[in-house]
Amino acid sequence: MKTVAVIFGSRSTEHDVSIVTALSSIIKPLELSGRFAVEAVYIAKDGAWYWDNKLKDIALYQSGGIEEFMRKAPKVHLLFDDGLTLVKSSQFAGRKMYKKIDLVFPATHGTHGEDGELMSILEMANVPYVGCGPEASVIAMDKVLAKQVTQADGIPTTPWIWFSADELSKTPSAVLAKIKGLKYPLFVKPAHLGSSIGITRVTEEAQLMNALEVAAHYDDRIIVEQGVSNLVEVTVPIIGNTELTTAYVEQPLAKSDEFFDFETKYMQGGKKGGKAGAKSGESGSQGYSKIPAEIPKDMYEESEELARAVYKSIGCSGIARVDLLIDSMAKKVYFNEVNPLPGGLYAHNWRQKGIGNVSLVEKLVDLAEERHAERKRFHTSFSTNYLKQF
């Protein structure tokens, strides 16, 4: 039986979302599969690492007991020895506990995890892991880079500009001048955050500066995007390395004057969409959604095709979710952003597609091992006489 470490939490604004993804969508189905011994590895908000079976219980976090746990529990160390081993002190003086890890399943949303930092550590440890590699994770989690890379491949996006928080602080008039070329409504976003944290929909110039300052509070890079007329938002979950499988094109539902901020996504219990479309929808990570999206067949197929193109352009592997914007009158589909670790793995959509939670995590583990084996084919050393010169 292989040992899988599920790593979650971290120093991120999406820390709590990460806990729910790990416990509900990853650890539980991995254990139900009967194929894996699962180790829970929690990264606290201060960056300390902990490893314990008690960390699998959601009640520990809901009750606030996690603070008491961390005061008493030993911190975890990582041992790199052509693989990854977890190390912690035991209750017996001078003794340590060791656990060799066969594969890692990251569940760290947002910064200091999903953005490629954790993946780089796992690459150095030479251990297989689920999801995108460091390069794709960095690009996907930087909305500016993601647009630059996909635009280079001819993938359409709405008009946009970006600038640094330092520019906004020192030369706000120059920043505002750059934005004048865009048409309202605008969407102001921190470049690196997920879960719609720090995003503001701006409908008039009087709201703009406050929105910019909110984004600058969270990030050192800010992106401003022009809205799409006759908007229909869709999202396309994808799994695969070279051969890609798409779930249903999903249509998150919100009122016409709303967008999917953190509150709408995670705190509404699926109520935002009301009862309309209940037969074709489900409450999931984006609130209430239509699954599959109720859009014309040609737009549906174009959305699938564009999502695959984005996935390949950025270099995703394992799993990702591509968000698209559709102008329903002009019948144009635009790339919006890509999430390299979808909240809850978007399991609600895959279930509709006929892939249950257990099958989903098993597929992702298999893809991780496939990718790791493929990368081992490439040489990482080169023999030279260079050192003999010295």
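A: Accessible areas come from the Shrake-Rupley method with a 1.4 Å probe, and for residues only the protein chains shown count as cover. By this method the protein chain exposes about 18,500 Å², of which carbon and sulfur atoms supply 51%. This is a predicted model, in which local features need pLDDT of at least 70 and side-chain atom pairs count only at pLDDT 80 or more, while totals for chains, interfaces and linings use all residues. Residues are numbered from 1 along each chain as its sequence is written, and side-chain values use heavy atoms, with hydrogens and water left out.

The setting comes first. The protein chain has 13 helices and 18 strands; these are DSSP runs numbered from the N terminus, helices being H or I of at least four residues and strands E of at least two. Of its 390 residues, 54% count as buried, a word that means under 20% relative accessible area, with exposed over 50% and partly exposed in between (1.4 Å probe, protein chains only). Among contacts (heavy atoms within 4.5 Å) with a separation of 6 or more in the protein chain, 65% join residues 24 or more positions apart.

Which residues of α11 are buried? They are Met299, Tyr300, Ser303, Glu304, Leu306, Ala307, Val310, Tyr311, Ser313 and Ile314. An α-helix has 3.6 residues a turn, so residues three or four places apart point the same way. The cover over the buried residues of α11 includes the helices α5 (134-140) and α6 (143-152). It also includes the strands β12 (231-240), β13 (244-246), β17 (318-327) and β18 (332-339). Just after α11, Gly315 takes a positive phi of about 90 degrees.

Cys316 is also buried, at a relative accessible area of 5%. Its closest cysteine sulfur is that of Cys132, 3.9 Å away and therefore too far for a bond. Cys132 is likewise buried, at 2%. A disulfide is a pair of cysteine sulfur atoms within 2.5 Å, and a search of the whole structure finds zero of them.
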